[in-house]
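The following note collects numbered points for a colleague who will work from the coordinates.

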Amino acid sequence: MPTLHLSIDEYDHMVRVGAFDAIDRKIELIRGELVEMNPAGPIHGDLIIYLTNWSAQHCDPKVTLISSQTDLELRAQQSRPEPDLMWLRKARYRTAHPQATDVQLAIEVADSSLIRDLEDKRKLYAEAGIIEYWVVDAQANCIHVNRHPVAGDYTARQVYKSPEKIAPAIRPTALLSLTDLFDEP
């Protein structure tokens, strides 16, 4: 069965005219296709809240903005994903969505979307040139860190678990304790 592919311009037009307002689903445009995202559960939300607060405390506000679930424009890939969290180059994004070159760190929290985040989005982000991409695995309590995109994939990929600490390449002093992140209340 043929699949309808949309360009970013067609997708933007549909958003502007309210084409998706009638559906109660969260979607992303990935490689020209509409992809439905699973609703977020409490674990997903808790991890995003923790990571957002950690990011706000540890980024350098002179060079970095923290953004949660904001559209990212990857025009060459005909994609408009919404990473759970991004560290962005400090700028105003009133007239255009952030581009791959604006992203200092992209983070996806995976509770039910692990395969898509580890495979499809990893390759999408690497192809776009996003310099660092983390996948927070809520089930296995670990973080998959991807750095150095080359030829459509990351050349440095490593998994971190508690009691390890990690930091974004853009801010090596911003240590994230995986013990604290995954600690249950």
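1. Asn 141 is located in the loop that runs between β6 and β7. Although Asn 141 is not a glycine, its phi is positive, about 50 degrees. With a relative accessible area of 32%, Asn 141 is partly exposed; here buried means under 20% relative accessible area, exposed means over 50%, and partly exposed lies in between, for a 1.4 Å probe and protein chains only. Helices (H or I, at least four residues) and strands (E, at least two) are DSSP runs numbered from the N terminus.

2. On provenance, the model is predicted, so that local features need pLDDT of at least 70 and side-chain atom pairs count only at pLDDT 80 or more, while totals for chains, interfaces and linings use all residues. Residues are numbered from 1 along each chain as its sequence is written, and side-chain values use heavy atoms, with hydrogens and water left out.

3. A second residue with a positive phi that is not glycine is Gln 69, at near 50 degrees. Gln 69 belongs to the loop between β3 and β4. Its relative accessible area is 32%, so Gln 69 is partly exposed.

4. Which residues of helix α1 are buried? In α1, which spans residues 8-16, they are Ile 8, Tyr 11 and Asp 12. Viewed down the axis of α1, these buried residues fall within an arc of 100 degrees and therefore line one face of the helix; the arc is that of the directions from the helix axis to the C-beta atoms. They pack against β1 (26-30) and β2 (33-37), where contact means heavy atoms within 4.5 Å. Gly 18, with a positive phi near 80 degrees, follows α1.

5. The two strands packed against by α1 are themselves paired: β1 and β2 are antiparallel, over five bridges. Two strands count as paired if DSSP finds at least two bridges between them. Ile 30 has Glu 33 in β2 as its bridge partner. The strands β1 and β2 form a hairpin with two residues between them, and Arg 31 in the turn has a positive phi of about 50 degrees.

6. What is the strand order of the open sheet of six strands? The order is β3-β4-β5-β6-β7-β8, and the pairing is mixed. Strands β3 (64-68) and β8 (153-161) are the edges, each pairing on one side only. On average, neighbouring strands of this sheet are turned by 20 degrees against each other, direction ignored. Axes are lines fitted to C-alpha atoms, for helices over the stretch in contact, and angles run from 0 to 180 degrees between N-to-C directions.

7. Ser 68 has Leu 85 in β4 as its bridge partner. Helix α2 (residues 42-58) packs on the sheet and touches β3, β4, β5 (103-110) and β6 (132-137), its direction making about 25 degrees with that of β4. Helix α3 (residues 114-128) also packs on the sheet, touching β5, β6, β7 (142-150) and β8; the direction of α3 makes about 175 degrees with that of β6.

8. How many aromatic pairs does a search of the whole structure find? There are three; rings of Phe, Tyr and Trp (its six-membered ring) pair if their centres lie within 6.5 Å, and planes under 30 degrees apart count as stacked, over 60 as edge-to-face and the rest as tilted. Tyr 125 and Tyr 133 form an edge-to-face pair, 4.7 Å centre to centre with 90 degrees between the planes. Tyr 125 is buried at a relative accessible area of 0%, and Tyr 133 is buried at 0%. Ring pairs also link Trp 54, Trp 87 and Trp 134 into a cluster.

9. The structure holds zero disulfides, a disulfide being a pair of cysteine sulfur atoms within 2.5 Å. Cys 59 is buried, with a relative accessible area of 10%, and Cys 142 is buried at 3% relative accessibility.

10. Two loop details remain. Ser 162 and Pro 163 are joined by a cis peptide bond with omega of about 15 degrees, and Pro 163 is placed in the loop between β8 and β9 (165-166). Ala 91, in the loop between β4 and β5, is partly exposed at 23% relative accessibility. The C-alpha atoms of Ala 91 and Asp 102 are separated by 8.7 Å, the two residues being 11 residues apart along the chain.
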